[in-house]
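Let's walk through this model together, one region at a time. Have the structure open and follow along as we go.

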Amino acid sequence: MAITKDAVLAALATVEDPAVRRDLVSIGAVTRCAVCDGRVSIALRAPGATSDEARSALAEAALAAVRAHAGESGAGLVGMRIEFLDKDGAVVGVADTAGPKRAPAATPPTPQAAAPGLPGVAHIVAVGAGKGGVGKSTIAVNLAVGLARAGRAVGLLDGDIYGPSLPTMMGLGAMDPVVIGNRIQPFMAHGVKCVTMGKLVEPGKPLIWRGPMAHGAFKQLAEQTEWGELDYLVIDLPPGTGDVVLTMAQMLRLDGAAIVCTPQRVAQDDAVRAAGMFRQLGVPVLGVVENMSYFVGDDGTEYDLFGRGGAEQMAQRLGAPYLGGVAINTRLRVNSDAGDPSANFAGDDALARDLTRLVERLEQEVALAASQTAAPTLTVR
Ligand code: ADP
């Protein structure tokens, strides 16, 4: 039987904060508790969680208590994630652990289980969305550029073969594709190695792919590109649930997928479906990004157009990390149209800060996903 929220709270009521020597529930340290399909996600603002060691000890105590409350040998617990918050609510550490090991037969094989990696590529991260127009490509581009600006070797694969946006957003305008032997040489723009179908077909031509053609096109872009050594390959996926995502899950071992969502309920519903699809394919959900969170007018007034915070709540329901939000910002749109994403990071304004924070959170989650074991792991911002 899957574990319930009440059981988690009862378990946390037996765990003592080391600073105040009282249990986590009675001192109000549990600021969030959500359970979805056996995945537990909690946020703790615990006065005693002031160091890596203290957080690690607290995470272990909480995990042991929850396992004990999760029924016989903790069988109802699939995974548990604790976000440690500082007094301002910023995430200062994350502990993430799998539940007790199950018999192998209980886990059906997923397309990911047999997927190989790409030689020379350390981490592969997909960026997906439940529907089009939510800013998925914008976020993929800015994550890639932000990672490159942080000194990582980064590739960006425009897997949105039906509507490639990279030629415009990365400013690839005058560059011509180069193929040596049968290897595609990626374009170098804003410190990122990019490939896109948009540069391999006639501009403006409609791209109509049947399932097997879409499979072949994606496979070619991923496997025949001369990526070299990369810390990260970021993949901009087509919106929704379809052939390309299945192809990707079968042919590439991913660290996980980030899901971009706008705050409205209808966008959330599609994003939940996308998350379900990734999990069914065996691709971990690294987190949710809330794009177009709100709008800031010229006078600095914030307008809550779509219901700010909706995607964060959805992430909690999914038991997935919330990676952060990006406001509606004219500069972001203008820089995207001008093919100059580097300019988004140039100033010291909310846009640069939001994007930089998003990049940091993604790296944190990738590190966690890569190091996931049965024992709790901790990363600190
Ligand atoms: P998708 O890949 O989900 O279809 P895009 O990334 O192509 O969406 O974004 C759609 C349009 O919205 C683009 O013109 C982009 O510049 C703009 N856009 C995306 N996010 C924002 C934002 N936060 N503020 C302003 N414009 C945005």
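The paragraphs below go from the domains to their interface, and then to the ligand.

First, a word on how to read the model. It is a predicted model, in which local features need pLDDT of at least 70 and side-chain atom pairs count only at pLDDT 80 or more, while totals for chains, interfaces and linings use all residues. Residues are numbered from 1 along each chain as its sequence is written, and side-chain values use heavy atoms, with hydrogens and water left out.

Start with the overall layout. The protein is divided into domain 1 (5–98) and domain 2 (111–363), with bounds that come from an automatic or database domain assignment. The C-alpha centres of domain 1 and domain 2 are 32 Å apart.

Now turn to where the domains meet. Nine residues of domain 1 touch nine residues of domain 2, where contact means heavy atoms within 4.5 Å. The two domains bury about 740 Å² between them, and 52% of that is on carbon and sulfur atoms; buried area here is the accessible area (1.4 Å probe) that two parts lose on being put together, summed over both. Arg32, Arg39 and Arg81 contribute 48% of the area that domain 1 buries against domain 2, more than any other three residues.

What does the rule find across this interface in the way of salt bridges? There is one salt bridge between domain 1 and domain 2, the term meaning a side-chain nitrogen of Lys or Arg within 4 Å of a carboxyl oxygen of Asp or Glu. Glu83 also pairs with Arg361 in a salt bridge, their closest N and O atoms being 3.8 Å apart. On the side of domain 1 that touches domain 2, β1 (30–36), β2 (39–44), β3 (79–85) and β4 (91–98) each supply at least two residues. These strands are DSSP runs (E, at least two residues), and helices are runs of H or I with at least four, both numbered from the N terminus. The largest share comes from β1, with three residues.

Next, look at the ligand. It is surrounded by 16 residues, and the closest are Gly133, Lys136, Ser137, Thr138 and Asn291; a residue counts if one of its heavy atoms lies within 4 Å. A backbone N or O atom of Gly135 sits 2.9 Å from a ligand oxygen atom, and a backbone N or O atom of Lys136 is likewise 2.9 Å from an oxygen atom of the ligand.

Key. A polar contact is a pair of N or O atoms within 3.5 Å; within protein, one must be able to donate a hydrogen and the other to accept it, and residues adjacent in sequence count only if both atoms are side-chain atoms.
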